[in-house]
Amino acid sequence: MIKRFLLVSALLCALGMLAFAPVQAEGETLSVAWPYQVPPTGHFNTFASGGITLGQYMDLHEPPLAVLMWATGEYAGMVAEEFGWDDDGNYVIKVAEGYSWSDGSHITADDVMATFNIFRLRGDAVWANMTGIEKVDDYTVKFHMSAPSSLAERIILTTNLRPASVFGDIADRAAMMSPDDDGWNDLLQELTEFRPESPVSGGPYTILPDTITEASLMLELNPGGFAGDIQNYDMVQMWNGETEVVTPLVANAELHYITHGIPPTTEEDFANRGIDIVRSGMNNGPGLYVNHDVYPLNMVEVRQAIAYAIDRIQNGFVSLGESGVAVEYMTGMSDGLSEAWLSDDTLDMLNTYDHDLMKAEELLMSAGFSRDDMGNWMDDNGDALAFELTFPQEYADWSAAAENATAQLNDFGFDITARGVQFQQHPQDIYSSNFEMAIRNWGLGDPIPGRSYLQAYNRYNGQGEVAGEGAGAGMNFDNNVSYSGGMINVFDVSNASSQGTDAMEQASLVSQLAISYNELLPAIPLWERYTNNALNRNFIMVPDSSDSVFANFGGGADNWMTYLILTGVTAPADM
Amino acid sequence: MAGSPMLEALVSLPLDLLRGLVRFVRRLSANKPGFVGFLGLLLYFFVTFIMPNFVEFDNEPKLDQITGPIGSRIQLAVHRDNPQWDSLEALAGKTVGVVDQTGGPSFIEPWRDTLTVETYRWTSRRQGPGIHAALTDLANKEIDGLLIFSKTVNQAIVKQEDAELRQLFQDNIIISNPALGYPHLLGTDTQGRDIASHMVHGGQILILTALIGGVIATLIALFFGSLSALAGGLLDKFFTALANLFLAIPQFILLVVLAGMIRFDSTLYLGVIIGLLIWPALLRAIRAQVLSLRERDFVEAARSLGLSMNHIIFREILPNMSSYVLINLIFSITIAMYFQIGLVVLGLAPISDYTWGVMIYFGRSRGTLYNQDGATMALAPVLAIALFQVCLVLFARAVEEVFDPRLRSAG
Amino acid sequence: MAHHQQQSRAHLTLSDRLYDIASNVYNNYTARVFLIAIITIWAVMTFTFALVRLMPGNPLDVLIEQILTAEGVSYQEAYDRVAASFNIDSDATTLDQYFQWLGDLLRLDLGTSITSPGTKVIDEIARFLPWTVFAVGTGLLISFVLGIFAGMPMAYYRGSKLDHILSFFSSFSTGVPNYIWGLLIIIVPGIAWRWFDIGALRGTYDAGLTPGLNAEFILSALEHAALPVFTYVIAILGTWMLSMKSSTTGVLNEDYVNVAEARGLKERTVISSYVGRNAALPLFTQLTISIGFVLSSGVVVEEIFVYWGIGHHLFQSITVRDYTSLQGVVLLLTAAIVFSNLFADLTYGLLDPRVRVSGEK
């Protein structure tokens, strides 16, 4: 038995030794992370669900037409060399010449045609205002639009280009059909079940299929692809996994940059290890939603009192540390968007609802509410202000926000019970009006201001219409509002504000939205979520955090890191 | 009246119980580890059932104390020229600074009459003016003292990234009293609240629920497991199939569905549902034990003597597997404790009961394990549960020996 | 039981004949338990089929929420995109789907994944299952063997120092859940002491190797499995030790042990053939049972070490509400549980001739 024990120990030791063997990567490798599914679940059809798309890093593989610089509002051309509206209100783009896909074919107008024809087959929103697409010459494509709009421009330009050599066949067949045709659904099914044998890249790096494991995958330099000639790396290693899984790799310096939202505690540990934390505004964050069918939450005074009673600075800080930045202007947009789109006069006019328990007290008193002997509030019917506040349990920052908001409101004399709900159940509860108070997101990671209101006025308010199931009225807010500026339908105005290309006209609509939101507070924004990307500058050289490129937080498009890679700026730190 | 049997019973019953208890404890003390286990359980009872009456649950977020390390506390900082000001009494009549939303304001509350309080607005931990403004004022003698959390001292003075500020602080500021506030024995959590106070308050419900759940599961398993093994035939098939059914249905999915329909806010219900969900594996184990015991010589002998089924079960089989059942009961209790975390995750159990389970869940999901200072938030409750199991195991073997004389001689 | 035999066999109708066949099957022990096993599996699957559809959110909702969170598009955009990329036959009722699925199942076809249309469920299972079987199986075996050998002396030398130390170790180590062990193993030796490169040990084997019987692959597979296996062992070893100790304690009390000792049998013989064997028997059943449901109990460990097996796949399928993949995995787990129990029952009689499970009256 002792012999056997020794044998087993020896084996274990040998295993241990193997584990110590250092792994040497050849050449310069950029180490980043994004969660993906491994084959056979994961695959290389980037149009179908389950595809290995790698989030914003898809830009390295399937390059975007252009990138919006958030600080200036200008588009920087990528694969699209020239782009803009023509005199007829159509959008024209010209693809840069001289780049090729990793399978050898050239990047041309055909690829644009293929990409957008498949969007049409899929029913993507980009075709909502598009009547057709036309190949002008080998490198130029014209998009025929029913109405020009800055939104349509954005959707076209942020598109990742796919190779016609892979998808051209299906795209061509789709172009010749209309959705009413018999074969349309079969073709759609063919598209979703289509499995390209190997990934084809038009960007600076190509996925190496043999290297895909659940741990990581490698992308190899694609010298002929877009920006392939200006790269400072030979390889990109893409680690797989969500926050908890990638955190040890960052701490261990095996992984040098992550965009995952990390808890403040982890952030502190990273900072102690000399890892830089990069913060960019994300134009969204958690807000306190109320069900407007629940009395007295439908009273504007009550919502305003809640806004006064919650210290948003504290709430943001305990939830997400320095990346939980209290919302100041309370317009339903981020403060950054408010400052960019609203005039100084308008900004001055806005109520910032600074933490003020006296004001909250006055507001409730004015509504005829009173405190009982214990100091707890009762409404004018004598009922306690007792509500249940639900939140998605799995979201570490939102759950902290909910816990803290509950404590603050209860200190003020409310009687709130916080309850975590499984994160997939929670939005469904809101859609079907099955809640009293809830933590959900306000705003949208998008530079077009009107789109920030989609959450409050559309997603959480009667989205049943969208889903076509009559799923419910959500927060039951009447989108026809009357405020100091008159009567408007806020949803219509928010839609209108992203149409057209006249910035002045858009700004005036946006200020209507901002002021009405600020007065009525359909939902109470708590804080704006800033990114807390961990960037190990001992390994990666990028500009200083003060650079304006960091305004591009990038929620799938316009990410600053991929922009810096595509422009050849990102480099190994020891170069 | 004095001779009334009722009264006599009333008097003698507690006395008898007490006497029995004393005898029990005396026997226990003969077995050292068992006695340690017993004392441990007493300690658990004291901490989780008695102490909550005396220790207040710390529910006040303190922004500069986020994930403070073990033993961290509020300190008094003064200018280097005035080291004699080492307490708030010594500072009577002077100006003392506190930063809004930290532990300072509530700490200084009792002294507000004797000294002037200067409150600084909180803005940000690392670069914001809040704490830095206060420290700068102290360095420039604008204020005479400052209440500041020990971890913040380290960050704001020692680890200060701004070289100029670091110089100013280090040249002018000293800590005159490093032990002003009470120490956070287990550090502070992600909201700067005292973990030790949460530990005191978080055990009661968890332990009660787990006891209920564990006992119910064991009773179900014991009853139906023995029944099924002894009766055999269709009954056996039925219970085995039922246990398999319960084992095979993915509980996570079942709970997700249940979470959408019902909520368990009562400790009793929670315990019952846990008991109802964890019995099947135990049933199979107990059935196997009984199957094995059933055929052993002493049972055979009892059977051939024509002794009743009751006698066989309660006199022959149960005593011989009591050790096995007891250890499985303990495992069930621990399983029930961790099971509650799962229920918290799914929203089936409320987070308003800030139990050890909630602490483990939030501690892990808020990344405290990756931070040396903050790891106690998740590790303290894990340790508490593990040591609770150790106490139970040690205690259980002592109990075994008290009731089974054969073991004592063997030991 | 035997009343049907009293029927007159002269007028055999079809139904009588069927009844005869059925009762013959029923009376054949092996056939009977298999029949019960199949019925159990069917019941679980039917229940699961309904259950997964009762979960909040369907595959569409889940993907919509994912796109909304990750890319910040409007609800409408997300909805349009998702609706097109799935091909769920929305006209079919749940009942239709059920019979469709059951029919396919009878032809041994588990269907295709919903969230990765065109990917066969069986291919996914084949990709993930072997690794769980390997890692969990190894962990279970190591801990079982160690537990048996450590548990016996604990009962023998009851009250000794050895007993105290092992009791403490075993009751403490099982009191800490396996995912905390896993995280601690990564954090302390991994990050703090830098004993190994965490990333390099992830996955099931190094990229570029060909799975098969070659030394490189086997070594790589062992290396990658080391941490998860170690975690499983440390988290369950104590259970076996304590169970074995209790079981041995029970056996030690029995008369025949004393008789054997009195007969002057060597202590070694008594330990191994009398006590060890009798005490380990019920545990062996427990081991067989464990095999079934332990397959899915390592979900978090598989996530933490990025050692993706069937537990990960189950969790992933639940997260994205991939009904067909989910049903495939649950079917597999159910079959594993039911048949391992069956196996336990059938082998128990062989291991311990005194137990005649099959011989009930």
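This is a predicted model: local features need pLDDT of at least 70, side-chain atom pairs count only at pLDDT 80 or more; totals for chains, interfaces and linings use all residues.
Residues are numbered from 1 along each chain as its sequence is written, and chains are lettered from A, with ligands numbered from 1, in the order in which they are written.

Staying on H6(C), centre the view on C:Phe128, where a kink of about 30° lies shortly before the proline C:Pro130; the bend is the angle between axes fitted to the seven residues ending at a residue and the seven starting there.

Next, display chain A beside chain C. Their contact (C-beta atoms, placed from the backbone, within 7 Å) takes 51 residues from chain C and 55 residues from chain A. H6 is among the elements of chain C that give two or more residues to this side, as are H8 and H9, while H4(C) provides the largest share, eight residues. By class, this side of chain C divides into 23 nonpolar, 15 polar and 13 charged residues, where Ala, Val, Leu, Ile, Met, Phe, Trp, Tyr, Cys and Pro count as nonpolar, Asp, Glu, Lys and Arg as charged, and the others, Gly among them, as polar.

Now turn to the side of chain C that touches chain B, where the contact takes 57 residues from chain C and 49 residues from chain B. Helix H2 (29–54) of chain C gives the most to that side, with nine residues, and the classes there are 31 nonpolar, 20 polar and six charged residues.

Select the whole of chain B, which has 16 helices and five strands. Its radius of gyration, 29 Å, is well over the 22 Å that the globule rule gives for 411 residues, so chain B is more spread out than a compact globule; the radius is taken over C-alpha atoms, and the rule is 2.2 Å times the number of residues to the power 0.38.

Finally, select strand E1 of chain A, residues 29–33, and strand E10, residues 235–239, which run parallel and are joined by five bridges. Within this pair, A:Ser31 stands opposite A:Gln237.

Note on methods:
Helices (H or I, at least four residues) and strands (E, at least two) are DSSP runs, numbered from the N terminus. Two residues are in contact if their C-beta atoms, placed from the backbone, lie within 7 Å. Two strands pair if DSSP finds at least two bridges between them.
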